Amino acid sequence: MEIKTTMNGNEAVVTLSGRLDTTNYNDFENQTNEWFSNRITHLILDCSDLNYISSSGLRVFLTIQKRMMATGGKFSLFAMQPGIREIFDISGFSAIFSIYPDLESARKG
Amino acid sequence: MEENTKRRVLVIWNDVKELYRITGFLETLWEDWALPVKTMYPINLVLEEAFSNIIFYAFDDQDTHMIGVEFLLETDKLVIIIKDGGKPFDPTAKEDPDTSLSVEERPIGGLGIFLIKKMMDEVHYERVQDKNHLTMTKYLNSEN
């Protein structure tokens, strides 16, 4: 899994490429701690290249969401692949995350 | 076993890195058995979830243990049987998480088994001669 971060003031646009599963969710989690210590107020995740997620990955997403909400920030996801979207729908995550079709709407939303 | 049933077995160790082997195995299997492409992710997911539960909870020691995964392709369904010699553990006995809870109320854990039950059409657990047998079935009709 590859993580690319583009900073824009207090906004971070992060591209996650590949798989997020039990073998690498720790790396992602460590990265999120870095973002939090940089006081990011809007974390925007580009999911266009994310082609697999399992419960380990979903747990990290939920932790991020809880943390951003608790600190008054925002966590947005965009361009989710259909297979990933299905997992979000089934687990009820679609209702508790801010999911957008593209970066522009994620920024505005 | 039905006359037209295909069978293949994957043996893995109770190590997280074996997940890579599962993915590789499935890619080959999907090609060999000409299985519908869109079912590969759900099957990979349920295997990861079931396998993760076994490696994290089934064994109390630090030893290496073998886990057998049997794949059976019948006319209209794919049957997967995971067998391990760990502690008795019935994943189907767990209560489903409440998916209507808000972010603050949603607990961090509990999703793995739930996803298995949702992605597969049938999930069945049995304890057979000191082994856990988890049988998961996916129907392969045009809707799937």
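Hi everyone, let's start in chain A, where strand E2 (residues 11-20) runs parallel to E3(A) and is joined to it by five bridges. Before I go on, please keep in mind that this is a predicted model.

If you want a residue to look for in that pairing, take Val13(A), which sits opposite Ile44(A) in E3(A). Strand E3(A) is mostly covered, with four of its five residues buried. On we go to E5(A): E3(A) pairs with this strand too, again in the parallel sense, over five bridges. Ile44(A) turns up here again, and its bridge partner in E5(A) is Ser76(A).

How many of the five residues of E5(A) are buried? Four are, so the strand is largely enclosed by the rest of the structure. E5(A) then pairs with strand E6 (residues 98-100) of chain A, in the parallel sense and over three bridges.

Now two loops in chain A. Arg39(A) is not a glycine, yet its phi is positive, at about 50°. You will find Arg39(A) in the loop between helix H1 (25-37) and strand E3 (42-46) of chain A. Is Arg39(A) buried or exposed? It has 9 C-beta neighbours inside 10 Å, and therefore counts as exposed.

The other one is Ala79(A), also a residue other than glycine, with a positive phi near 55°. Ala79(A) lies in the loop between strand E5 (74-78) and H3 of chain A. Here the count is 18 C-beta neighbours inside 10 Å, so Ala79(A) is classed as partly exposed.

Let's move to where the chains meet. Chain A puts 18 residues into the contact and chain B puts in 19 residues. On the chain A side, the elements that give two or more residues are helix H2 (55-70) and helix H3 (82-90). Which of them gives the most? That is H2(A), with eight residues. By class, this side of chain A has six nonpolar, nine polar and three charged residues.

Over to chain B, and its sheet. Five strands make an open, antiparallel sheet in the order E1-E2-E3-E5-E4. The edges are E1 and strand E4 (122-128) of chain B, each of which pairs on one side only. On average, neighbouring strands are turned by 15° against each other, direction ignored. Helix H1(B) packs on this sheet, where it touches E1 and E2 of chain B, and its direction makes about 165° with that of E1(B).

Let's cross the sheet strand by strand. Strand E1 (residues 6-13) of chain B is joined to E2(B) by eight bridges, and the two run antiparallel. Across that pairing, Arg8(B) stands opposite Phe71(B) in E2(B). In a regular strand the side chains alternate between the two faces of the sheet. Strand E2 (residues 66-74) of chain B has Ile67(B), Val69(B), Phe71(B) and Leu73(B) on its covered face, while the uncovered face includes Glu70(B) and Glu74(B).

E2(B) also runs antiparallel to strand E3 (residues 77-84) of chain B, with eight bridges between them. Glu70(B) has Ile81(B) as its bridge partner in E3(B). These two strands, E2(B) and E3(B), form a hairpin with two residues between them. Further over, E4(B) and strand E5 (residues 131-139) of chain B are antiparallel and share seven bridges. There, Val128(B) stands opposite Lys131(B) in E5(B).

Last, the helices of chain B. Helix H1 (residues 18-32) has 15 residues, which should span 21 Å at 1.5 Å a residue; the end C-alpha atoms are 21 Å apart, so the two agree. Just after H1(B) comes Ala34(B), with a positive phi of about 50°.

Helix H2 (residues 40-58) and helix H3 (residues 111-119) of chain B pack at an angle of about 145°, with axes 9 Å apart. Their crossing is left-handed. Among the residues in this contact are Leu45(B), Val46(B) and Glu49(B) from H2(B), and Ile113(B), Ile116(B) and Met119(B) from H3(B). By class, the contact has eight nonpolar, three polar and one charged residues.

Notes: Residues are numbered from 1 along each chain as its sequence is written. Chains are lettered from A and ligands numbered from 1 in the order in which they are written. This is a predicted model: local features need pLDDT of at least 70, side-chain atom pairs count only at pLDDT 80 or more; totals for chains, interfaces and linings use all residues. Axes are lines fitted to C-alpha atoms, for helices over the stretch in contact, and angles run from 0 to 180 degrees between N-to-C directions. A crossing is left-handed if the near helix is turned anticlockwise from the far one by less than a right angle, and right-handed if clockwise. Two residues are in contact if their C-beta atoms, placed from the backbone, lie within 7 Å. Ala, Val, Leu, Ile, Met, Phe, Trp, Tyr, Cys and Pro count as nonpolar, Asp, Glu, Lys and Arg as charged, and the others, Gly among them, as polar. A residue is buried if 20 or more other C-beta atoms lie within 10 Å of its own, exposed if 12 or fewer, and partly exposed in between; C-beta atoms are placed from the backbone. Two strands pair if DSSP finds at least two bridges between them. The expected span of a helix is 1.5 Å times one less than its number of residues.
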